[in-house]
Amino acid sequence: MIPYARQEITEADIEAVTRALKSDFLTTGPLVDEFEKLLTNYVKCPTFVVNSGTAALHAAFFGIGIKQGDEVITPPNTFIATQATAALLGAKIVFADIDVDTGLINLDCIKRAITRKTRAIVLVDYAGQPCNVQAVREIVAGRDIKIVQDSAHSFGSFINNEPVGSQADVTTFSFFATKNITTGEGGAVAAHDKGIFQRAKEFSRQGLVRDSSRFLIETHGPWHQEVHYFGLNYRLTDFQCALGISQLSRIEDIRKKREQIRSFYESAFGEKPEIRTLTALRNVIPMWHLYPIFVKDREKVFRNLRDRGVGVQVNYFPANQHPVFAQFKINQKSLQNSDKFYREEISLPIYSGLTVETLEYIVDQVEDSL
Ligand SMILES: *Cc1c(COP(=O)(O)O)cnc(C)c1O
């Protein structure tokens, strides 16, 4: 079976991890600081690492102060972690529909979804194309609403020559095995605002405050550290950071390979009437995370492809249709684009190790499966 996504691990990656395993620190060591510094430079925004993209979202929502009763607007076509992490802090999830040609949240739907209780809008960079943060910024101007960018798909993408991570109030990344770069499990949070950054980071480090200038109680000695709000252990290990550092050094190469695979598919499917492909945005340098195609009889094509050894996926079952949302009265009619998107979508294999021969095989199988 050709996988739909696969990590790329080089000899240099293996050496870097081995070196970390032989060093003094397995975790909370110097490689964590180094990875965070490199990420900060790359996305042009202060960034800290955590042990998953889900942890990154949880910390981000905590960092912007999401609490019981707040409303958080999200698109439906995303991994459920986007909603779960806000809901676990007590937020009410409000869905806004998407543009069916890009899979990105629709600006008018955001406007319609905003109420007095809205505290955050989550933008999900579907397939690696970044959402238009500036346009959303204009919509929320003058309101106490934060922009959260779930950039699990778009680490390494640029919009108007600005790296993803530098624009939203808080941006989250995932370094899961199938994502653009990987640490096995892992993630990161980027935020310019010092208060948001500090709250989110402390939350990911058990809530521990070590800076004596912020102590609220008298210290009993140099061992003192204190907790102002509860946090969790979302730390990433040093050997994972070693892998991340090594992967990050190849990011331009990874982008090129992903772009080549997308071009190959585009020239095969772009003109085919039975297949719709994603519309590419202008002013964007994407890191293509997914290559989705849209077909009328999705189930038939999906089954045919799996039977022929092509590992395909569906991204995503709309979050609003999960049973967990049954208790909330969601206006399903307002989410028709997301529903249509889901009913027709299939993600084809895309990862840097795909060879031209394999791509040719996949294209033939797709054509035979229609
Ligand atoms: C992968 C992903 C996440 C969660 O990341 P993990 O590292 O798997 O926890 C969140 N949102 C989106 C859109 C994702 O694709």
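Guide: Two strands pair if DSSP finds at least two bridges between them; helices (H or I, at least four residues) and strands (E, at least two) are DSSP runs, numbered from the N terminus. The model is predicted: local features need pLDDT of at least 70, side-chain atom pairs count only at pLDDT 80 or more, and totals for chains, interfaces and linings use all residues. Residues are numbered from 1 along each chain as its sequence is written, and side-chain values use heavy atoms, with hydrogens and water left out.

Visitor: Which residue in S5 is the bridge partner of Val 122?
Guide: Strand S4 (residues 118-124) and S5 run parallel and are joined by five bridges. The chain passes from S4 through helix H6 (residues 133-140) to S5 in a right-handed β-α-β crossover; right-handed means that, with the strands pointing away from the viewer, the path from the first strand over the helix to the second runs clockwise. The partner of Val 122 in S5 is Val 148.

Visitor: How many of the five residues of strand S5 are buried?
Guide: Buried means under 20% relative accessible area, exposed over 50%, and partly exposed in between (1.4 Å probe, protein chains only). Strand S5 (residues 146-150) is largely enclosed by the rest of the structure, because the number of its residues that are buried is four.

Visitor: How much of the area that the ligand exposes when taken alone does the protein bury?
Guide: Polar side-chain atoms lie 3.0 Å from a ligand oxygen in the case of His 153, 2.7 Å in that of Ser 174 and 3.1 Å in that of Tyr 316. Taken alone, the ligand exposes 380 Å², and the share buried by the protein is 92%.

Visitor: Is Glu 344 buried or exposed?
Guide: Glu 344 lies in helix H11 (residues 336-344). A polar contact (N or O atoms within 3.5 Å; within protein, one able to donate a hydrogen and the other to accept it, and residues adjacent in sequence counting only if both atoms are side-chain atoms) of 3.4 Å joins its side chain to that of Lys 296. Its relative accessibility is 9%, so Glu 344 counts as buried.

Visitor: Which residue in S15 stands opposite Pro 292?
Guide: In strand S14 (residues 291-294), Tyr 291 and Ile 293 point one way, Pro 292 and Phe 294 the other, and all are buried. S14 pairs in the antiparallel sense with strand S12 (residues 276-277) over two bridges and with strand S15 (residues 345-348) over four. The residue of S15 opposite Pro 292 is Ser 347.

Conventions. Areas by Shrake-Rupley, 256 points an atom, 1.4 Å probe, with all protein chains shown as cover.
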